[in-house]
Structure formats: C-alpha cells, structure tokens
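Student: I have a structure to look at and would like to learn how to read it. Where should I begin?

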Amino acid sequence: MTLVRLLVLSALLVLLSPPVHAAGPVKDYREVYRQLMAQHAGAVVTVKFVMSVTNSGSEQRIEDRTQAILVSADGLLLVPDRAVSLDFAKLGAGTPGQAAPVAKSSDFRVRLADTEDWLPADLVTRDNELGLAWLRLRKPAGDSRMYALR
C-alpha cells in the first residue's frame, strides 16, 4: 500500500469514524492505525479520470488517478475535489487580462481493492469549502459491501 493511500485512508477514517473514548490518553497511535487499516483497507479504491484543461480556446486532455474511499455498499465514493475540477483563478494563475485556465474531469472509472476491473462512475455533487466531491458507481459491484466503510 502506498504512502499516499495510507495517508488518505487515515485522514478520511478519522473524519468518518465515530468518536472513540479511550480509558486514558493514547501516546502511540500506530496500533490504532494498524487496526483501522486491517478493518478498512478495502474501502480505499483507485479512481482514474480524464481532466480537460481549457486555456485561451485550446483544450488538452490528461488522464490522471487519485484515491477515494468507498463509503457505502451502493457505490458512493468520497474523492478530493481537485480530481473533479480545478479553478486556476483561485490559485492566482493566469495572465492579467485573460481568463484563467479551467480544468474539468470526466470519464471516471473506479477499481475496487483486489480487482483489475475498472467500473464507470458519475459525479454526484461536490463541496468546494471542504475540498471534497462524491462519485457513485453506475452499477455497484456485487461485492462492494465487503469493501465499504461500516
């Protein structure tokens, strides 16, 4: 498992997990992370997408990948918003007097853990403030229940 995948899983599990009340302060979180990984590693999936970057009337298409978390058995996925679109104007990019480049993604495909199949997915919604977007598998795999966070 790559470091990026581990970090994404750790961050999202902390956000999505119910609070845990320890008997005392925890000084070493390595065992907690090991337990979370053992329980939820299958919920981390890879998402391929095509990002179209438009600038001054020309378009460039780039295939990219990111990690997502499968949060429900019906195929709902949580992904970073930057995988869906990127507003370069907010980043301070662009030439004065010209519109900033615009990047939008399409053709989302998801690979569940332990499979080689790429399943199509669609954008459901996004939250710019949180930097998150939601995708849904068009036809959830029959075994997606075993991967989804519980």
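Student: Where is the place of Gly 75 in the chain?

Tutor: Bear in mind that this is a predicted model. Gly 75 lies in a loop, with strand 2 (58-70) on one side and strand 3 (76-80) on the other.

Student: Is Gly 75 buried or exposed?

Tutor: The cut-off for buried is under 20% relative accessible area. Gly 75 is at 0% relative accessibility, so it counts as buried. For the chain as a whole, 35% of the 150 residues count as buried.

Student: What separation do the C-alpha atoms of Gly 75 and Arg 136 have?

Tutor: It is 5.2 Å, although the two residues are 61 apart along the chain. As for the whole chain, take the contacts between residues at least 6 apart in sequence: 59% of them join residues at least 24 apart.

Student: Which elements does the chain have, and in what order?

Tutor: There are two helices and seven strands. Read from the N terminus, the order is α-α-β-β-β-β-β-β-β.

Student: How many bridges join strand 1 to strand 5, and in which sense do they run?

Tutor: Strand 1 (residues 44-55) and strand 5 (residues 102-111) are antiparallel and joined by eight bridges. To find a pair in the model, look at Met 51, whose bridge partner in strand 5 is Ser 105.

Student: Over how many bridges does strand 5 pair with strand 6?

Tutor: Strand 5 pairs with strand 6 (residues 119-127) over three bridges, in the antiparallel sense. Here Val 110 is opposite Leu 119 of strand 6.

Notes:
Residues numbered from 1 in each chain as written. Predicted model: local features only at pLDDT ≥ 70, side-chain atom pairs only at ≥ 80, totals over all residues. Heavy atoms only, no water. Helix = DSSP H or I, 4+ residues; strand = E, 2+ residues; numbered from the N terminus. Buried < 20%, exposed > 50% of the residue type's maximum accessible area, 1.4 Å probe, protein only. Contact = heavy atoms within 4.5 Å. Pairing = 2+ DSSP bridges.
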